[in-house]
Amino acid sequence: MDSPMRIGELSARTGVSIRSLRYYEQQGLLTSTRTTGAHRLYTETAVDRVHMLRLLYDAGLSSETIAALLPCVDSPAEDVTVETLKVMRRERERIDAQIAAMLTTRSHLDALIEAAAGHLDEQRGAALATT
């Protein structure tokens with residue numbers, strides 16, 4: 001069995017601040033045990049859990065939404081409810097809309113880059129012609 005890690009090690013291994021880890025625990029998203037000196041101890045599975053939490057947060061999910069979805073992560077077959085399924089579908093639709101908006105923005109940026117590069121090429125050509 002892997003030895004438990006303290007919060008500083010979990011922070012170092014995940015790149016997530018100690019403050020955020022404490023917040024995750026306060027929100028019921030992450031669990032730890034405590035030493036007799038009240039230090040938090042985490043299992044190896046906490047590393048994957050924190051990475052998953054970061055992905056969900058980075059995708060724009062709130063703590064409340066993540067907390068509603070976690071039972072499905074922990075035991076998917078047993079804890080899926082109609083409401084949880086609605087939340088997951090709603091979040092997926094929201095993310096799909098964000099992706100579509102970002103792809104449109106990228107296309108506009110590509111056009112601007114192409115125009116700016118063409119303009120620079122013209123300027124360089126004109127500068128070379130005058131020298």
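A: A salt bridge is taken here as a side-chain nitrogen of Lys or Arg within 4 Å of a carboxyl oxygen of Asp or Glu. The model is predicted, so local features need pLDDT of at least 70 and side-chain atom pairs count only at pLDDT 80 or more, while totals for chains, interfaces and linings use all residues. Residues are numbered from 1 along each chain as its sequence is written, and side-chain values use heavy atoms, with hydrogens and water left out.

The structure holds 8 salt bridges. One of them joins Arg54 to Asp58, with the closest N and O atoms 2.9 Å apart. These two residues stand 4 positions apart in helix α3, which means a separation of about one helical turn; helices (H or I, at least four residues) are DSSP runs numbered from the N terminus. Arg54 is partly exposed at 27% relative accessible area, whereas Asp58 is exposed at 58%. Here buried means under 20% relative accessible area, exposed over 50%, and partly exposed in between (1.4 Å probe, protein chains only).

In helix α1, Glu9 and Arg13 are likewise 4 residues apart, about one turn, and their side chains meet in a salt bridge of 3.9 Å, N to O. Glu9 is partly exposed at 40%, as is Arg13 at 38%. Both belong to a network of salt bridges that also includes Glu44.

A further pair, Asp121 and Arg124, has its closest N and O atoms 3.9 Å apart. These residues are 3 apart in helix α6 (residues 82-129), again about one helical turn. Asp121 is partly exposed at 49%, and Arg124 is exposed at 53%.
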